[in-house]
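Here are my notes on the strand pairing, as numbered points. Have the structure open while you read.

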Amino acid sequence: MSPYPTSPLYPVSPSLYDCDSDLNAELSYYTLSPDFSISPHGTIFPAGQLDYERPNHLYEFVVMAVDKGDVPRTGTTTVRIRMANVNDEVPEFSQHVYRTFVSEDAGPNTLVATVLAKDPDGDGITYKITTGNDEGNFVIDSQKGLIRLRSSPPPRLQGVEYILNVTATDDNASGGPQALLSTARVIVGVDDVNNNKPVFGKCQQYRERTTVLENQSAGTFVLQVHAVDADEGSNGRVTYGFMHKDSTVPAFSIHPDTGVIVTSRKFDRERQREYAVTVTATDQAADPLIGICQLNILILDENDNSPKFENLRYECECWGSHTHTHTHKTHTHTHTHTHTHARTHAHAHRHAKAHKNALTRTHTHMHIIQSYYRSSSICRSCLPG
């Protein structure tokens, strides 16, 4: 450390003499140096804290001696004080803040920045990144201050910027209680590269669950989709749309910013039961990338149709079973089936007519009646008339 003002430096008086005697030989000392003072007896003191780092590590000033004769006489001399170094100065960076940029996809060993510090005491300096490098993407040359991207594994830059705190520590070669250090900030901006396309993270869920009820008015909410782009800035901003075939009228519309899908018209499930839709998400880069999600939107049924018969009139042809009774006697052959056939036929005719009238009155479903006639032992067929 530099000497304090009360520490005497150099006694001048023993080196100066006057050949006169008595008062003519008594001397007083003076100096005009702002850095030193001198006592009446010629002892030099520092007037303030001295600095080793001044040019040539040297102080030079003039001391004047004056005797006390009636006509005072003077003498002068030049004093040179060379300073011994003490480690009392911290290293000084050329800048307090360094700003630089690196591409998001920069490769290993890419030079990012160079920091520079000097030690006023002339001590050697070592550099170190102390904070802001949690992922270890950056390395620094401890002697040269070169900051690069790591070589292995390959760096993976994320986010908008990194703020690195770098220290410069002297080696305390000049001697002192301890090594001294200073800190500078290095702000590394990351230039985003549009290397990620938008992704619909829930596309499979959209595909499985998207429905809308038929006969709803245009503007009915269907679904809200969401896509994420891992890039930054405009490269990561997404707008939504549909991928349409040429000359087709879209059945749905989508809000470009929110991804909300609504109907553009009413739907009739009996005409079309599902619609294939391709949703797009496009980033805002100069050369945009597009992500897609293909959906099948199902139209749900509403009870909006009455049952209808395929034909207004049905005719049935029915007959009973024939019973043939043969009585065989000597020289006699009697046919008894004629009366039985007539009676059975009349009964079957009345039964069929009753069912046909009931059909006309009640409009019973055709498949029920057909089932009845097919299973009846009376009627063999019932055909549209």
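1. Strand 16 (residues 211–213) runs parallel to strand 22, and the two pair over 3 bridges. V212 has I299 of strand 22 as its bridge partner. Strands here are DSSP E runs of at least two residues, numbered from the N terminus, and two of them count as paired if DSSP finds at least two bridges between them.

2. A word on the source: this is a predicted model, where local features need pLDDT of at least 70, side-chain atom pairs count only at pLDDT 80 or more, and totals for chains, interfaces and linings use all residues. Residues are numbered from 1 along each chain as its sequence is written, and side-chain values use heavy atoms, with hydrogens and water left out.

3. Strand 22 also pairs with strand 21 (residues 274–283), this time antiparallel, over 9 bridges. A hairpin of 6 residues links strand 21 to strand 22, and V279 is bridged to C293 in strand 22.

4. Which side chains of strand 22 (residues 290–300) are buried? G291, C293, L295, I297 and I299 are, pointing to one face; buried means under 20% relative accessible area with a 1.4 Å probe, protein chains only.

5. Elsewhere, 3 strands make an open antiparallel sheet in the order 2-5-6. Strand 2 (27–31) and strand 6 (74–82) are at the edges with a single partner strand each, so one side of each has no neighbour in the sheet. From one strand to the next, the twist averages 25 degrees, taken between N-to-C directions of lines fitted to C-alpha atoms, on a scale from 0 to 180 degrees.

6. Within that sheet, strand 5 (residues 58–67) and strand 6 pair antiparallel over 9 bridges. V63 sits opposite T77 of strand 6.

Notes
Buried means under 20% relative accessible area, exposed over 50%, partly exposed in between (1.4 Å probe, protein chains only). Helices (H or I, at least four residues) and strands (E, at least two) are DSSP runs, numbered from the N terminus.
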